[in-house]
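User: Could you take me through this structure, please? I shall ask about a few places in turn.

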Amino acid sequence: MRIRIVDAFTDRPFSGNPAGVLLLDSFPDDAWLQNVALEVNHAETAFAHRLPEGGEADWALRWFTPAAEVAMCGHATLATAHVLHTTGAHDGPVRFATRSGVLIATPRQDGSITLDFPTAPLTEVELPAGVAKALGAEPRAAFDTGPQVGDLLVELADEQTVRALTPDHKALAAFSARGVIATARAEDPAHGYDFVSRCFFPNVGIDEDPVTGSAHTALTPFWAGRLGRPDLTGLQASPRSGRVRVELRGERTLLSGRAVTVIEGDLLARP
């Protein structure tokens, strides 16, 4: 089987968020999928197989971190769509059947891919006791992002505070199902982005995720409401960094970015 490592939400190797991608004939047992994800040891590994024609989706898609299967993943979906299009396995928009419903990835003329994801429902909550200490900064506000995303979203004072975070990852695990999204308004929109974020997901084995598509389904309605427009660009300010163009369309959020294949090889451990 061919296995690929794809850097997503970037047009340069060794930046953005890397994902493993395997195209299969069907899904083997879960233990094998989890072992492959652990061996790849990136934030996510995506597994996809073609579905019969005439249904509501073209490919079935699942995502695994090194520690667990997740309900939604943006960068590994982008990486999978990139592999399908660059290898000729699929032309045009591709519909993925996932645990989060049917997700559509559409290639654009500029080489980017647009993902159509459900918008996360935001509910303001009281700031949990201890989160400021665990994060290393005092949030202005906190929001629950709903069951599909499963994070606590916190707004911080400014961009530099977000960039300077050195959180206690073990302590952050207590505050949500997956982890914590920290965000702030961009210091200078002339740099080409409207807000910054960093994402810490200790409960799925990821101390810091480089660029998180699913988090932007919550960041988009948050910042669209504050900045007064639906079309925005987010910078995830991890060490690898990456940009996500977003558009709020009510109950759906569009996430756009590029991807580049960095490694391609043979997986010899058969199920």
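User: Which elements each supply at least two residues of the lining of the largest cavity?
Analyst: They are α2 (74-87) and β14 (206-209). Please note that this is a predicted model.

User: Which residues lie nearest the centre of that cavity?
Analyst: Glu44, Cys73, Arg178, Asp209 and Thr212 lie nearest the centre, within a lining of 13 residues.

User: And how does the lining divide by residue type?
Analyst: The lining has six nonpolar, four polar and three charged residues.

User: What volume does the largest cavity have?
Analyst: Its volume is about 60 Å³.

User: How many cavities of 30 Å³ or more does a search of the whole structure find?
Analyst: The search finds one.

User: Changing topic to strand β12: why is it described as largely enclosed by the rest of the structure?
Analyst: Strand β12 covers residues 179-185, and six of its seven residues are buried, so the rest of the structure largely encloses it.

User: In which sense does β12 pair with strand β11, parallel or antiparallel?
Analyst: The pairing with β11 (residues 151-155) is parallel and runs over five bridges. Within it, Leu152 has Val180 of β12 as its bridge partner.

User: And in which sense do β12 and β13 pair?
Analyst: β12 and β13 (residues 195-201) pair in the antiparallel sense, over six bridges.

User: Which residue in β13 does Thr183 stand opposite?
Analyst: Thr183 stands opposite Ser197 there.

Note on methods:
Residues numbered from 1 in each chain as written. Predicted model: local features only at pLDDT ≥ 70, side-chain atom pairs only at ≥ 80, totals over all residues. Heavy atoms only, no water. Buried < 20%, exposed > 50% of the residue type's maximum accessible area, 1.4 Å probe, protein only. Helix = DSSP H or I, 4+ residues; strand = E, 2+ residues; numbered from the N terminus. Pairing = 2+ DSSP bridges. 1 Å grid on protein atoms, 1.4 Å probe; cavity = no way out; pocket = protein on both sides within 12 Å on 5 of 7 lines; lining within 4 Å. Points joined across faces, edges and corners; volume = space filled by probe spheres on them. Nonpolar A, V, L, I, M, F, W, Y, C, P; charged D, E, K, R; others polar.
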